[in-house]
Amino acid sequence: MRFSVLTFLLFLLVAQEATCFNKHTTLAHFRNILKNRMAFALSQPPSASPETKMSGRVVYPVEYGADPTGAQESSEAILKAVGDAFGILSELELVAGVKDLGGVVIDLQGGNYTISKPITFPSSGGGNILVKGGTLRASDSFPTGRHLVELWAPNSQKLPKTSVLNSIKLQQPNGIYYEDITFRDILFDSSYKGGGIFIVDSVRTRINNCFFLHFTTEGILVQGGHETFITSSFLGQHSTVGGDPGERDFSGTAIDLASNDNAITDVAIFSAAIGIVLRGQANMLTGVHCYNKATGFGGIGILVKLAGNSQTRIDNCYMDYTGIVMEDPVQVHVTNGFFLGDANIVLKSIKGQVSGLNIVNNMFTGNPNNKVPIVTLDGQFSNIDQVAIDRNNVIGMSLRSTVGKLTVTGNGTQWVADFSNVLLFPNRISNFQYSFYAQGEPKFLAHSVTNVTNNVIVVESEKSAQGVVSFFVEQ
């Protein structure tokens with residue numbers, strides 16, 4: 001095919017140059033021009049084949065009739081392009097049963113495609129494929145509640161939106177159907193019809209440098225599988241930069257992960273009722289900026305579910321007027337974060353359990369008139385173990401911690417240290433230490449702790465003294 005095109009090009013070149021050939025043009029000069037034009041033509045990449053509508057392993061939906069201007073509907077054309085990409089013959093496999101497509105690319109070529117139905121991937125599955133470079137926008141007739149791209153096989157079972165994954169083991173009763181699928185440089189505009197992308201029973205999926213807009217359900221929904229990496233992306237139900245007059249009415253969830261072992265890195269969520277909800281284990285969030293619906297309007301920045309088994313790490317995130325809610329957190333680490341505008345952390349009791357929780361080295365800033373605690377309890381906790389809330393700095397909010405230090409000075413027989421405004425859990429001091437310094441008194445003065453109740457410690461001496469008592473307590 002390439003040589004037929006080149007023959008036609010050379011014919012045109014000869015004809016063009018021949019029209020310019022006159023008595024002032026030497027034959028040698030004409031040959032040099034023709035030689036240079038031939039070299040240029042041979043250096044160009046091969047053109048797309050009309051039979052396969054692809055060049056090498058790059059598939060172009062426009063060659064299937066997709067309209068890059070968005071004026072015409074492009075669902076069927078894109079679906080045919082996806083079908084051809086997955087139809088490439090291969091005897092190689094990635095994870096068992098998943099065909100290795102060899103790095104095939106579906107190139108949207110910067111087009112703006114209007115679609116009236118979800119772009120579904122073939123049920124036969126596959127992997128090692130890239131979809132890149134364009135916009136997918138839902139039409140007015142797009143089905144409500146569906147997602148623009150749906151990466152799931154009929155044999156996979158959709159989970160209820162309230163489901164959680166209870167086991168960190170890679171148990172996949174329905175199998176794995178997709179692996180190493182990458183979505184890059186794509187704008188997903190759901191046009192308030194549904195969601196952006198839905199991924200089920202897929203492993204090692206990447207969503208990189210993408211933009212999710214106008215969703216009403218989820219920008220990204222992942223169920224089952226593991227190791228979905230979401231990086232350098234933006235998600236918002238409404239296009240706003242904060243202070244939106246309609247913020248009270250924001251709805252939907254930007255990212256919903258009912259899956260294990262995923263990572264969300266360098267992502268900004270600028271509008272939604274919930275920024276991120278985690279329903280699986282061993283997920284990692286780094287560099288996330290949430291300024292979706294504010295806590296004061298009922299919004300949640302990050303919701304950690306899977307009560308009693310969460311195993312989540314939240315590091316270096318920016319909670320902007322919207323906070324973190326954790327249900328019975330077990331092995332959860334929140335560190336190096338910045339909480340602005342009274343944004344705080346809420347521990348919500350489901351069965352009253354909290355264990356292995358670290359909230360350390362964070363910064364909290366709020367309105368000094370409100371004095372919102374940096375960590376609050378929603379319900380009662382009866383099973384508390386290995387909880388460290390410490391080394392957080394606070395401006396305009398109330399400090400809460402699981403450790404406390406206090407010095408009490410007085411002249412008398414009793415010194416009272418009240419930690420109730422500092423310690424997080426009520427009526428719980430698991431360990432305490434104190435030192436007594438009696439000024440101007442005999443070398444030895446009898447004293448002891450006489451009461452530890454409601455996070456208050458009382459030290460008494462056998463006789464009146466000018467004393468300084470230093471306390472250290474832990475919960």
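Contact here means heavy atoms within 4.5 Å. The views below come from a predicted model.

**View 1. Pro373 and its contacts.** Pro373 lies in the loop between β25 (363-365) and β26 (375-378). Not counting residues up to four places away in sequence, Pro373 touches Asn344, Met397, Ser398 and Arg400. Val346 sits 27 residues from Pro373 along the chain. The C-alpha atoms of Pro373 and Val346 are 9.6 Å apart.

**View 2. The whole chain.** The chain has 475 residues, and 49% of them are buried. Its secondary structure comes to three helices and 32 strands. Take the contacts between residues at least 6 apart in sequence: 64% of these join residues at least 24 apart.

**View 3. Confidence along the chain.** The average pLDDT of the chain is 88. A score of at least 70 is reached by 85% of the residues.

**View 4. The largest nonpolar core.** This core holds 82 residues. Phe121, Phe183, Ile255, Met326 and Ile345 touch the most other members. Which helix gives the most to this core? Helix α3 (residues 75-86) does, with seven residues. A second, separate core has 15 residues, including Trp415, Leu423, Ala438 and Val469.

**View 5. Ile345 in the largest core.** Ile345 is among the residues of the largest core that touch the most other members. Set aside its neighbours within four places in sequence. Ile345 is then in contact with Ile324, Met326, Val334, Phe339 and Ile359, among others. The list also includes Phe364, Ile374, Val375 and Thr376.

**View 6. Helix α3 and its cover.** In α3, the residues Ser75, Ala77, Ile78, Leu79, Ala81, Val82, Ala85 and Phe86 are buried. What covers these buried residues? The cover includes β2 (58-59), β3 (100-115), β4, β5 and β7.

**View 7. Strand β7, largely enclosed.** Strand β7 covers residues 178-189. Why is β7 described as largely enclosed by the rest of the structure? Nine of its 12 residues are buried, so the rest of the structure largely encloses the strand. For this step, buried means under 20% relative accessible area.

**View 8. The strand partners of β7.** Strand β5 (residues 126-138) runs parallel to β7, and 10 bridges join the two. Within this pairing, Leu136 has Phe188 of β7 as its bridge partner. Strand β9 (residues 202-208) is also parallel to β7, through five bridges. Here Tyr178 stands opposite Ser202 of β9. Strand β10 (residues 211-213) pairs with β7 in the parallel sense over three bridges. Asp189 has Leu213 of β10 as its bridge partner.

**View 9. An aromatic pair, Phe121 and Phe183.** The structure holds 13 aromatic pairs. A pair of aromatic rings is described by the distance of the centres and the angle of the planes. Phe121 and Phe183 form a tilted pair: 5.9 Å centre to centre, with 55 degrees between the planes. The pair links distant parts of the chain, since its residues are 62 apart. Phe121 is in the loop between β4 (119-120) and β5, while Phe183 is in strand β7. Are Phe121 and Phe183 buried or exposed? Both are buried. Ring pairs also link Phe86, Phe121, Tyr178 and Phe183 into a cluster.

**View 10. Glu474 in strand β32.** Glu474 is found in strand β32 (residues 456-474). Glu474 is partly exposed, with a relative accessible area of 31%. The chain places Gly404 70 residues away from Glu474, yet their C-alpha atoms are separated by 6.6 Å. Leaving aside neighbours within four places in sequence, Glu474 is in contact with Thr402, Val403, Ile429, Ser430 and Asn431.

Methods
Residues numbered from 1 in each chain as written. Predicted model: local features only at pLDDT ≥ 70, side-chain atom pairs only at ≥ 80, totals over all residues. Heavy atoms only, no water. Core = buried A, V, L, I, M, F, W, Y, C linked by side-chain atoms within 4.5 Å. Buried < 20%, exposed > 50% of the residue type's maximum accessible area, 1.4 Å probe, protein only. Helix = DSSP H or I, 4+ residues; strand = E, 2+ residues; numbered from the N terminus. Pairing = 2+ DSSP bridges. Phe/Tyr/Trp six-rings, centres within 6.5 Å; stacked < 30°, edge-to-face > 60°. pLDDT = per-residue confidence, 0-100.
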